[in-house]
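Colleague: I would like to learn how to read a model of this kind feature by feature. Please give the general idea each time, then the case at hand.

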Amino acid sequence: MRIAVPKEIKNHEYRVALTPSGARELCARGHQVVVQESAGEGAGFADDAYIAAGAKIEADVAALWESAELILKVKEPQPEEVERLHSGQTLFTYLHLAAAEELTRGLLASGATCIAYETITAPQGGLPLLAPMSTVAGRMAVQAGAHSLEKAQGGAGILLPGVPGVPPARVTVIGGGVVGENAARMALGLGADVSVLDRSIPRLEVLDDRYQGRMKTVFSTADSVEDAVRESDLIIGAVLVPGAAAPKLISRSMLADMKPGSVLVDVAIDQGGCFETSHPTTHADPTYVVDGVVHYCVANMPGAVARTSTQALTNATQPFVVALANKGWRRALSDDAHFAAGLNVHGGQLTYAAVAEAFGMEHVAPATLLE
Ligand SMILES: NC(=O)C1=CN([C@@H]2O[C@H](COP(=O)(O)OP(=O)(O)OC[C@H]3O[C@@H](n4cnc5c(N)ncnc54)[C@H](O)[C@@H]3O)[C@@H](O)[C@H]2O)C=CC1
Ligand SMILES: CC(=O)C(=O)O
Ligand SMILES: [Mg+2]
């Protein structure tokens, strides 16, 4: 199969969807891998390393897209990339469609088959292609939050661990999944006073057991969110309803109850964000202030640590990429119901219920398209 790896074009996105070792695996199986010139550079992978792995380097972006059967990306296609996509092609990348109506309509119009990393499931539960980037983003959320609490960033001027005689900052993480656990773990490591809210009691049990009560676990209700808003110096939004738009848990009017200079880090921004006042920001300009509260809402946080993130992401995507290349999308998805959960769009039809629901559109069950 002819497989293309474009260079990512989202703001400050330095990850790449395939490493030279991934290219080697595909070339060894007889596939033709074409990598856009300098696509791996930001993650520390030179063109020469891809050539040594058996791949071809292509400088002409239009030619790269036009002739590909399978396109491997990291971030959701930007408008000029949607324009390039056409029917008969398979796109494998993060999509986050429930938060992106224009993109959804663009992918439907393209006629392509679009498989989202973030909705693929695993037999043991969880989202195996979201988890590695959620681990990165959760860990980064505390770094971003700590920086945002500094005065020069508009923050209250609070050091997360405090110092002897001065208490630590209060950090609340809403959503105790992969992002939430990693954020809470980092905040604990820095000596903050950490609470995690989740509406899943089994998940709170896991966290309580794993951290031996060092982080407070709180059942998530409107009341407990209001308490967190009043008491916290830093709140990290880390909720997810898979494939669906994030629920808005902190409204604009609640910001008045927050301490001036407190910080909201909305990691769930890629699914639309879980705070009413969140809107996506970029690494170039990551924060803004609403009603005295600093907001950090970068939708591609792992892109900033592209080397670590590319390795973690491609370790997880590798078996799925090989299956797509060897079998084609229809057989690969027919053979694996968890992989089939990644199908969001095919041939002008939506195939993911939560996305259809977000926009009041029709959808077809992926099973009706499989062998
Ligand atoms: N901004 C970025 O760069 C990145 C964003 N993300 C996003 O972070 C979000 C979280 O991802 P994961 O941690 O992997 O998901 P996850 O599925 O592991 O965890 C989500 C948690 O939210 C909880 N939850 C759902 N609704 C809730 C509510 N109303 N109140 C409290 N808890 C609630 C669930 O019970 C679950 O434990 C996703 O939107 C994901 O796409 C992930 C990686 C990078
Ligand atoms: C999950 C996601 O959106 C990212 O890694 O950028
Ligand atoms: Mg996004």
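Modeller: Start with strand pairing: four bridges join strand E1 (residues 2–5) to strand E2 (residues 32–36), and the two run parallel. Two strands pair if DSSP finds at least two bridges between them. Strands (E, at least two residues) and helices (H or I, at least four) are DSSP runs, numbered from the N terminus. Ile3 has Val33 of E2 as its bridge partner.

Colleague: What should I know about the source and the numbering?

Modeller: This is a predicted model, in which local features need pLDDT of at least 70 and side-chain atom pairs count only at pLDDT 80 or more, while totals for chains, interfaces and linings use all residues. Residues are numbered from 1 along each chain as its sequence is written, and chains are lettered from A and ligands numbered from 1 in the order in which they are written.

Colleague: What order do the strands of the open sheet of eight strands have?

Modeller: The order is E3-E2-E1-E4-E5-E6-E14-E15, with mixed pairing. Strand E3 (56–58) and strand E15 (349–350) are the edge strands, each pairing on one side only.

Colleague: Is Val5 buried or exposed?

Modeller: The test is a neighbour count: a residue is buried if 20 or more other C-beta atoms, placed from the backbone, lie within 10 Å of its own, exposed if 12 or fewer, and partly exposed in between. Val5, in strand E1, counts as buried because it has 28 C-beta neighbours inside 10 Å.

Colleague: Which residues is Val5 in contact with, leaving aside its neighbours within four places in sequence?

Modeller: A contact requires the C-beta atoms of two residues, placed from the backbone, to lie within 7 Å. For Val5 the list is Val16, Ala17, Leu18, Val33, Val35, Gln36, Ala39 and Leu72. Over the protein, 66% of the contacts with a separation of 6 or more are between residues 24 or more positions apart.

Colleague: How many helices and strands does the protein have, and why is it called as compact as a globular protein of that length?

Modeller: There are twelve helices and 15 strands. The radius of gyration, taken over C-alpha atoms, is compared with the globule rule, 2.2 Å times the number of residues to the power 0.38. Here the radius of gyration is 21 Å, close to the 21 Å that the rule gives for 371 residues, so the protein is as compact as a globular protein of that length. Of those 371 residues, 52% count as buried. The C-alpha atoms fill a box of roughly 65 × 45 × 35 Å along the principal axes.

Colleague: Which domains does the assignment give?

Modeller: Domain bounds come from an automatic or database domain assignment. It gives domain 1 (2–120 + 307–369) and domain 2 (131–299), with C-alpha centres 30 Å apart. In the contact between them, 15 residues of domain 1 meet 13 residues of domain 2. On the side of domain 1 that touches domain 2, helix H10 (306–334) and helix H12 (353–359) each supply at least two residues; H10 gives the most, with five.

Colleague: How is the class make-up of that side read?

Modeller: Ala, Val, Leu, Ile, Met, Phe, Trp, Tyr, Cys and Pro count as nonpolar, Asp, Glu, Lys and Arg as charged, and the others, Gly among them, as polar. The side of domain 1 that touches domain 2 has nine nonpolar, six polar and no charged residues.

Colleague: Which residues are around ligand 2?

Modeller: A residue is near a molecule if its C-beta atom, placed from the backbone, lies within 6 Å of it. Around ligand 2 these are Lys75, Tyr94, Glu118, Leu130, Met133, Asp270, Asn300 and Pro302, or four nonpolar, one polar and three charged by class. The shell around ligand 1 has 37 residues, of which Ser134, Gly175, Gly177, Val179 and Met301 come nearest. Helix H6 gives the most to the shell around ligand 1, with four residues.

Colleague: And how is a positive phi read?

Modeller: Most residues other than glycine have a negative phi. Asp291 has a positive phi near 50 degrees and lies in the loop between E12 and E13. Asp291 counts as exposed, because it has 12 C-beta neighbours inside 10 Å. His12 also has a positive phi, of about 50 degrees, and is partly exposed, with 16 other C-beta atoms within 10 Å.
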